[in-house]
Structure formats: structure tokens, C-alpha cells
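Let's take a walk through a protein together, one piece at a time. Keep the 3D view open and turn it as you read.

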Amino acid sequence: MIKELKIRNFRNIAEARLQFSPRVNIFLGQNGQGKTNILESIYLLCSGTSFRYAENSNFIKTGSSESLLFAKAELNQLDFELGLQILKSKKTHLINNKKTSAVEVVKRFPCVIFSPESLTSIKEGDDERRQLVDDLLMSIKPLNVDLISQFRKTLKTRNKILKNFLNAETSKVETENLLESINPIFLKQAAELCSQRVQALQALKPFINSAMQYISQDKNVDISVEYVISSETATNWEQNQITEKLISRMKQLHDAELASGVSLVGPQKHEIVFLYNQNNSRFYCSQGQQRALILSFKMAQIVYHRNLHGAYPFLLLDDVLSELDAEKRASLIQFLSEINAQIFVTTTDLSLPLSMKSENCTVLNIRDGQIEI
């Protein structure tokens with residue numbers, strides 16, 4: 001639970017101190033006033049990244065040299081102080097006034113974001129769907145945070161080797177030697193990440209179906225999520241099968257990687273396919289059905305997290321209620337009202353989340369970066 005948030009020189013907010021309810025917190029205001037900025041500051045503190053694309057300089061209020069974010073939180077009956085200093089060149093995370101990494105913060109403070117961008121994940125590119133699954137991995141298993149971080153670093157190094165060859169900065173012999181050195185590490189991490197994705201999607205399937213049936217009021221609907229490697233469905237593959245496939249593709253695409261200067265093999269290239277009654281939802285479903293699928297995925301993630309850890313992650317909803325039709329909005333609000341999670345909601349219309357209000361609800365009015373209780 002996040003008890004208190006302090007903001008200094010973040011986006012359009014010069015100074016703010018907010019006290020939160022353990023249940024529902026509603027940020028109310030017209031567009032462009034700063035309510036999403038508050039939600040974003042919470043997400044940054046818990047994850048180290050933003051749910052909307054931004055450079056560090058975009059976070060810092062015009063005329064300032066840094067942004068500072070602080071939060072008081074309680075986790076497993078222990079009190080914590082989170083801090084984040086944002087400079088144009090770097091971010092520095094603190095837990096109880098000691099420097100730490102974003103990876104360590106993510107391990108301790110899992111959160112799930114519902115945003116208009118996430119609702120369009122199915123019709124967008126594969127990157128968005130891969131990110132959905134990796135967010136799931138990091139929220140349910142702390143060790144996956146390390147795995148994903150390590151894989152991204154290794155991938156970056158491997159891409160640098162290939163790019164240097166493409167730019168004639170290294171010879172082919174030197175490049176081959178460097179690849180021979182890094183490939184075993186890359187393949188091990190890649191296979192492990194793929195395996196974790198496959199296992200998580202298998203475990204989540206009954207929860208997704210239950211959530212979709214809840215939203216659609218259709219007990220016969222069948223939802224599944226396929227993991228696709230090089231046009232082959234790998235949803236039921238063991239890790240050794242994944243490793244063999246990666247090795248095979250690396251040999252096949254060796255010359256193509258040298259020619260393109262980028263890694264063409266690995267989990268950064270795999271596809272995530274949402275199936276609605278055995279049909280690819282990207283082409284078969286309406287926009288409303290696609291949004292319902294993503295809602296089902298997020299709801300399933302929340303319930304699955306609760307089953308594994310005995311507690312819910314923080315839930316952040318950025319103006320998604322206005323993006324849903326009345327039926328789906330009612331289903332989501334009913335679901336949220338039934339779970340004991342701390343929820344943060346931005347909205348322009350207080351009537352939308354009105355049924356979420358209770359004695360444990362705080363409403364904060366946001367106007368031009370100023371907070372009014």
C-alpha cells in the first residue's frame with residue numbers, strides 16, 4: 001500500500017503532497033491538467049519506467065534541473081520509503097534512503113497498469129504484446145525481473161557487435177570470435193525467457209477464460225494465447241525444444257544478421273497471438289472484443305498474482321473507463337470493487353467510477369498541476 005506521495009518539479013507539477021486511501025484513489029480533472037502525471041509518477045517509482053514514451057528531460061518541469069519523487073509505502077506489514085531522482089542524464093532509485101536499482105524496486109512493488117495504449121495492444125505490433133507478457137512475468141516472479149534485465153543487456157551487446165561489423169568497425173574474423181563468445185550466454189538467457197513466457201501463458205489460460213466469460217457474460221467463449229517462434233506454435237514446448245529451435249535459427253540466419261547488423265533470433269522477435277474461439281483476434285475480432293481480451297488478460301494477471309503471493313499488486317487505471325462501452329465498464333468496476341487491492345484511477349468524469357467509491361475512497365481534484373482535496 002502506498003500511503004503518501006511527494007512530487008517536486010515533475011512534468012507540470014511544481015510541488016505536491018498527497019495522502020492516499022488503502023483502497024480507491026480517484027484523480028479527477030479535465031484533460032491536460034496533470035492527473036496522468038500523478039499516476040505516471042507512481043508507476044515510475046514502482047517500475048523505473050513510464051507507461052508512455054518519454055525521455056528523462058520530459059519528466060523535469062520546465063526551468064528545473066531535476067525531478068524528485070518520494071513515497072511512503074507499506075508492504076507485508078513493513079514500512080518503506082521510496083525515492084527517485086530524475087536528471088536529464090540518469091535516474092537514481094532509493095529504498096529507505098539507500099541507492100538501489102530499478103530491478104530491485106520492481107521486485108518488491110509490483111503494479112499493473114490499465115491504459116488506453118494497453119487496450120490497443122492486440123491491433124498494434126508484436127512489441128506491445130510481448131511487453132504485456134513480460135510485465136506479467138515481472139509481476140508474478142521476482143527472478144524474472146533479473147532474467148529480463150540480463151537478457152536485454154546481452155541483446156544490446158550482441159546487437160552492438162553486429163552493428164560494428166556492418167559499419168566496418170570490426171573485421172569478419174573478429175566479429176565471428178565475439179559472437180562465438182556471447183552466443184552461449186545469449187542462447188541460455190533467450191531460451192529461459194521464452195520458457196518463462198510459455199509457462200506463464202499456460203498457467204494464465206484458465207484465469208483469462210474466467211475473466212472473459214465474466215466480462216462477456218458468455219460461458220462458451222474460449223480464449224487462449226499462443227506463443228509463436230518462427231511461425232511455429234511453441235505454447236507446449238519444453239525449454240530444450242526452444243533451445244534447439246533457437247540454435248537452428250541462429251545458424252540459418254547467421255549471414256542475414258551480419259548483413260542487417262541486428263539480432264534476428266530470440267524472444268525479441270517472437271509473436272504473441274490472442275485467439276478468440278480459435279481465431280486470431282487481431283483480424284477476427286472487433287475493437288470492442290479486442291479491448292475485452294486485454295481487460296481479461298489484465299484481470300487474470302491480478303487474480304493469478306493474488307493466488308501466488310497472497311496479495312494484490314497496485315492497480316493503476318489511466319482514463320480507461322471512458323474508453324470502454326457501458327457493459328465492459330460496469331464489468332471492470334464490479335471486478336475492481338470485489339478485490340482488496342489499492343487502486344489509482346484518473347478520470348474526467350466522476351460518475352464513471354462512482355460505484356467504486358466507499359468510505360475508503362479519496363478523490364483528488366487536479367487543476368493546472370495543483371491538487372485540491
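Before we look at strands, here is the rule for pairing: two strands pair if DSSP finds at least two bridges between them. Helices (H or I, at least four residues) and strands (E, at least two) are themselves DSSP runs, numbered from the N terminus. A word on what you're looking at: this is a predicted model, where local features need pLDDT of at least 70, side-chain atom pairs count only at pLDDT 80 or more, and totals for chains, interfaces and linings use all residues. Residues are numbered from 1 along each chain as its sequence is written, and side-chain values use heavy atoms, with hydrogens and water left out.

Find strand E11, residues 271–276. Strand E9 (residues 223–229) pairs with E11 in the antiparallel sense, over 6 bridges. In one of these, Ser224 has Leu275 in E11 as its bridge partner. E11 is also joined to strand E12 (residues 279–280), again antiparallel, by 2 bridges. Here Tyr276 is partnered with Asn279 in E12. E11 and E12 make a hairpin with 2 residues between them, and Asn277 in the turn has a positive phi of about 50°. E11 is mostly covered, too: 5 of its 6 residues are buried. Buried means under 20% relative accessible area, exposed means over 50%, and partly exposed is in between (1.4 Å probe, protein chains only).

Now to the inside. A nonpolar core is a set of buried Ala, Val, Leu, Ile, Met, Phe, Trp, Tyr and Cys residues joined through side-chain atoms within 4.5 Å. The largest one here has 70 residues, and Phe274, Phe297, Leu315, Leu317 and Leu332 touch the most other members. Helix H7 gives the most to this core, with 14 residues. There's also a second, separate core of 37 residues, which includes Leu18, Tyr43, Ile86 and Phe314.

H7 covers residues 172–216, and Gln202 lies in it. Is Gln202 buried or partly exposed? Its relative accessibility is 36%, so Gln202 counts as partly exposed. Leaving aside residues up to four places away in sequence, Gln202 touches Thr235 and Asn236, where contact means heavy atoms within 4.5 Å. The side chain of Gln202 also reaches the backbone oxygen of Thr235 at 2.8 Å.

What about aromatic rings? A pair of them is described by the distance of the centres and the angle of the planes. Rings of Phe, Tyr and Trp (its six-membered ring) pair if their centres lie within 6.5 Å; planes under 30 degrees apart count as stacked, over 60 as edge-to-face and the rest as tilted. The structure holds 10 aromatic pairs. Take Phe10 and Phe59: their ring centres are 5.8 Å apart and their planes at 15°, so this pair is stacked. Phe10 lies in strand E1 (residues 2–10) and Phe59 in helix H2 (residues 56–59), so the pair ties together parts that are 49 residues apart in sequence. Phe10 counts as buried because its relative accessibility is 0%, and Phe59 is buried as well, with a relative accessible area of 1%. Phe20 and Phe27 form a tilted pair, 6.1 Å centre to centre with 55° between the planes. Ring pairs link Phe20, Phe27 and Phe344 into a cluster.

Methods. A polar contact is a pair of N or O atoms within 3.5 Å; within protein, one must be able to donate a hydrogen and the other to accept it, and residues adjacent in sequence count only if both atoms are side-chain atoms.
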